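Here is a short walk through the model you have open. Please keep the structure in view as you read.

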Amino acid sequence: MDANKRQKYEKISIELTRLAGGKENIQGVAHCATRLRIVLKDNDIADLKAMEDVENEPAATDD
């Protein structure tokens, strides 16, 4: 992976972590070819709408 792509993904991951309510609120993460699934401990402390607006539009769930 080139440095620009790595930097882009790092920026996205930092932003998603912040919007999710911090790494302590993230219960698990999985991905497929088109989606990033983030399982949260508490959806109420996450900004789900803002998470949808982050590049690649991950879906956050609490199931």
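## Confidence along the chain

Among the elements of the protein chain, strand β1 (residues 26–31) has the highest mean pLDDT, 96. At the other end of the range sits strand β3 (residues 59–61), whose mean pLDDT of 52 is the lowest. Where pLDDT is low, predicted coordinates should not be read in detail.

For the protein chain as a whole, the mean pLDDT is 88. A value of 70 or more is reached by 87% of the residues.

## Overall layout

You will find 2 helices and 3 strands in the protein chain. Followed along the sequence, they come in the pattern α-β-β-α-β.

How much of the protein chain counts as buried? The figure is 24% of its 63 residues. The protein chain exposes about 4800 Å², with carbon and sulfur atoms supplying 48% of that area.

Now for contacts between residues at least 6 apart in sequence: 29% of these join residues at least 24 apart.

## A look at Asn43

To find Asn43, go to the loop between β2 (36–40) and α2 (48–53). Is Asn43 buried or exposed? Its relative accessible area is 19%, and because the cut-off for buried is under 20%, Asn43 counts as buried.

Asn43 can also be placed relative to Gly21, which is 22 residues away along the chain. In the model, the C-alpha atoms of Asn43 and Gly21 are separated by 8.6 Å.

Terms used: Residues are numbered from 1 along each chain as its sequence is written. This is a predicted model: local features need pLDDT of at least 70, side-chain atom pairs count only at pLDDT 80 or more; totals for chains, interfaces and linings use all residues. Side-chain values use heavy atoms; hydrogens and water are left out. pLDDT is the predictor's confidence in each residue, from 0 to 100. Helices (H or I, at least four residues) and strands (E, at least two) are DSSP runs, numbered from the N terminus. Buried means under 20% relative accessible area, exposed over 50%, partly exposed in between (1.4 Å probe, protein chains only). Contact means heavy atoms within 4.5 Å. Accessible areas come from the Shrake-Rupley method with a 1.4 Å probe; for residues, only the protein chains shown count as cover.
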